[in-house]
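This briefing goes through one protein model, topic by topic. Look at the sequence and the structure before reading on.

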Amino acid sequence: MTNEKFTNIVVAIDGSDLSKKAADYAVSLAKEKNAKISAVAVVKFHQTDAFRGSTATLEKFIRKQAEIAQKWLDSVRTEADENNVRFESKVIKTRTNVPEEIIKYAKDKRSDLIVMGTRGRTGFKKVLLGSVASAVVTHAGCPVMVIR
Ligand SMILES: Nc1ncnc2c1ncn2[C@@H]1O[C@H](COP(=O)(O)OP(=O)(O)O)[C@@H](O)[C@H]1O
Ligand SMILES: [Mg+2]
């Protein structure tokens with residue numbers, strides 16, 4: 001038996017029902033273990049045709065997406081508060097790689113557990129494990145709990 005502890009739990013939120021379920025697990029586990037939760041939502045954007053020639057439009061789009069993501073995180077905060085669980089959160093904007101940002105954030109937070117859904121917003125029912133979940137499970141430096 002090891003004496004590994006869960007003290008810093010990262011939960012990855014994309015607004016999907018499964019990520020909400022992951023948040024529920026994270027909060028109840030954090031409550032039981034007296035752990036802290038760091039919730040993260042990554043907003044990915046690219047300069048697509050729709051935005052060509054209009055930086056202002058792209059910036060507006062990103063800002064809107066970040067506001068939506070912040071709301072998801074705020075609702076996890078409410079749940080954490082109700083359970084007296086310490087909480088912080090971050091919206092991260094990236095042009096490149098969502099799983100990489102989640103893993104980097106978890107490292108920053110010295111996370112000893114990442115909680116996430118098996119699937120997310122893309123949600124192809126036939127896919128058993130989404131691409132973000134798969135990459136995080138494969139490359140994270142700590143245990144990962146995938147919720148189904
Ligand atoms: N942009 C994101 N920011 C934070 N967490 C995310 C993001 N995308 C996915 N996740 C996490 O990964 C889980 C699995 O999602 P994903 O692998 O993207 O599956 P899908 O392909 O069905 O969207 C989600 O339930 C969520 O916990
Ligand atoms: Mg996805």
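Which residues does Val115 touch, not counting those up to four places away in sequence? The model is a predicted one, and in it Val115 touches Ile9, Val10, Val11, Ala12, Ala22, Tyr25, Ala26, Met145 and Ile147.

**Nonpolar cores**
- The largest nonpolar core has 25 residues. Val115 is among the four that touch the most other members, together with Ile9, Val11 and Ile37.
- At least two residues of this core come from each of these elements: the strands β1 (8–12), β2 (36–44), β3 (87–94) and β4 (113–117), and the helices α1 (17–33) and α2 (55–82).
- Helix α1 gives the largest share of this core, namely six residues.
- There is also a second, separate core, made of 16 residues. Ala12, Ile92, Ile102 and Ala106 are included in that core.

**Helix α4**
- Helix α4 covers residues 131–139, and Ala133, Ala135 and Val136 are buried in it.
- Viewed down the axis of α4, the buried residues fall within an arc of 165°, so they line one face of the helix.
- An α-helix has 3.6 residues a turn, so residues three or four places apart point the same way.
- The buried residues of α4 pack against helix α3 (98–108) and against the strands β4 and β5 (144–147).
- Ser131 and Thr138 are exposed, and they sit on the face of α4 turned away from its buried side.

**Two asparagines with positive phi**
- Most residues other than glycine have a negative phi.
- Asn34 has a positive phi, near 55°, and is not a glycine. Asn34 is placed in the loop between α1 and β2.
- Asn34 has a relative accessible area of 60%. Residues over 50% count as exposed, so Asn34 is exposed.
- Asn84 is not a glycine either, and its phi is positive at about 55°. The loop that holds Asn84 runs between α2 and β3.
- Asn84 counts as exposed because its relative accessibility is 74%.

**Gln65**
- Gln65 belongs to helix α2.
- Is Gln65 buried, partly exposed or exposed? Its relative accessible area is 27%, so Gln65 is partly exposed.
- Gln65 and Val42 are 23 residues apart along the chain, and their C-alpha atoms are separated by 9.7 Å.

Conventions. Residues are numbered from 1 along each chain as its sequence is written. Chains are lettered from A and ligands numbered from 1 in the order in which they are written. This is a predicted model: local features need pLDDT of at least 70, side-chain atom pairs count only at pLDDT 80 or more; totals for chains, interfaces and linings use all residues. Side-chain values use heavy atoms; hydrogens and water are left out. A nonpolar core is a set of buried Ala, Val, Leu, Ile, Met, Phe, Trp, Tyr and Cys residues joined through side-chain atoms within 4.5 Å. Buried means under 20% relative accessible area, exposed over 50%, partly exposed in between (1.4 Å probe, protein chains only). Helices (H or I, at least four residues) and strands (E, at least two) are DSSP runs, numbered from the N terminus. Contact means heavy atoms within 4.5 Å. The arc is that of the directions from the helix axis to the C-beta atoms.
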